[in-house]
Amino acid sequence: MMNLGYICHMISKELEIAAECIKLGKTVALPTETVYGLGANALDPMAVARIFEIKERPFFDPLIVHIESTRQWDLLTTLPLEKVQGLIDAFWPGPLTMVVPKTDKVPDIVTAGLPNVGIRMPNHPMALALIRLSGCPIAAPSANKFGRISPTTAEHVRKNLSEADYILDGGPTTVGIESTIIQILPDGFQLLRKGIITAEQIEQHMPMSKTPIAASEKVAPGMLDAHYAPHKKMFLTDFTTPPSIDIHQAGLISFSGKNTESYKKVIRVSEHNDLKEYAVHLFAAMHDMDQSDIQFIVAESVPETGIGGAIMDRLKKAVFRFNS
Ligand code: TXA
Ligand code: MG
């Protein structure tokens, strides 16, 4: 059996190699608490370009920049840290991305030409250590091909994004869906992408803004209608109107554990009817179903309140191209 000292030694070796890759302008797939990201030096436009190339991601879709300390804040944004200190104290490190005015140091390729940059401090020891060892903020979108299912294990990355120069394995992610994204405006925040941290939680620390966001700034922010899509046809159901497919050939991603009879395969994403568990296991269940011997994927819908809103956002985008 391997002892703990040996395991720590191995992990620090891997981190050193990964940090060396980042310094050389290469890409590293890294674990975060939400999903795995494909990272590169955020201040190196050529390294960032490689992320877009590997992901086959359109250049209009900006990347989130990850930091390990608020000391890196002023390098990236002109917004004084004090304006968001309450949010940082409450939610960082954690699954909250703040979109704020960028400095000249942030290459345009990172923000897709937008005047704002998305910043997040991930809550994962390997991600934080990698950023520290690399000595630079790391730009990282989710480590999947554009529009496909996000990875929640290193194995998902190995299977679907083998072009990454290096893959750090930090085990399965603990949140399971991407960070909540908010834009910080003079009179408060606007919600750009739902996540495990809800608007109601954020409102305890900052008011919701009344300012409409300019259409030109609304470009992709995870706001495309179709996203997170499996290769197999996927449908959503609340069981009142079953999808018009042969469910004997379908796999069911089940939340409640009800109506599972007749499906060829069933993955129960929550033992305890807990929406957080649904979020944690959703993408892994989609990956699993996509590789199984079934024709269709059916996912059980949930009420769109709180975390349910973030889950339904992912599910609706995943089924969009089959239902429009
Ligand atoms: O949890 C997460 O946020 C994960 C992990 C790896 O940190 N990252 C992630 O990245 O989900 P990605 O690229 O898959 O989604 C980032 C979304 C994109 O849809 C992008 O449009 C939006 O964030 N975004 C990034 N920078 C932005 C900006 N400056 N203005 C508006 N939206 C922005
Ligand atoms: Mg993504």
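Which residue of S12 does Gly251 stand opposite? I will come to that after the overall picture. This is a predicted model.

The protein chain has 324 residues, and its secondary structure comes to 10 helices and 13 strands. Its radius of gyration is 20 Å, which agrees with the value near 20 Å for a compact globule of that length. The C-alpha trace spans about 55 × 55 × 35 Å along the principal axes. As for burial, 56% of the residues count as buried. The chain exposes about 14300 Å², and 55% of that comes from carbon and sulfur atoms. Taking contacts with a separation of 6 or more, 66% of them are between residues 24 or more positions apart.

Now strand S11, residues 250–254. Five of its five residues are buried. Ala250, Leu252 and Ser254 lie on one side, Gly251 and Ile253 on the other, and both faces are covered. S11 pairs with two strands that I will take in turn. With S13, residues 296–300, the pairing is parallel over four bridges, and Ala250 stands opposite Phe296. With S12, residues 265–268, S11 also runs parallel, again joined by four bridges. Back to the opening question: Gly251 stands opposite Lys265 in S12.

Last, the surface. Leu4, Ile7 and Ile11 form a nonpolar patch there, with about 260 Å² of accessible area together. Ile7 is in helix H1, residues 4–23.

Note on methods: Residues numbered from 1 in each chain as written. Chains lettered and ligands numbered in written order. Predicted model: local features only at pLDDT ≥ 70, side-chain atom pairs only at ≥ 80, totals over all residues. Heavy atoms only, no water. Patch = residues over 30% accessible without salt bridge, like charges linked within 9 Å, V, L, I, M, F, W, Y side chains within 5 Å. Areas by Shrake-Rupley, 256 points an atom, 1.4 Å probe, with all protein chains shown as cover. Salt bridge = Lys/Arg side-chain N within 4 Å of Asp/Glu carboxyl O. Rg over C-alpha atoms; globule rule 2.2 N^0.38 Å. Buried < 20%, exposed > 50% of the residue type's maximum accessible area, 1.4 Å probe, protein only. Contact = heavy atoms within 4.5 Å. Pairing = 2+ DSSP bridges.
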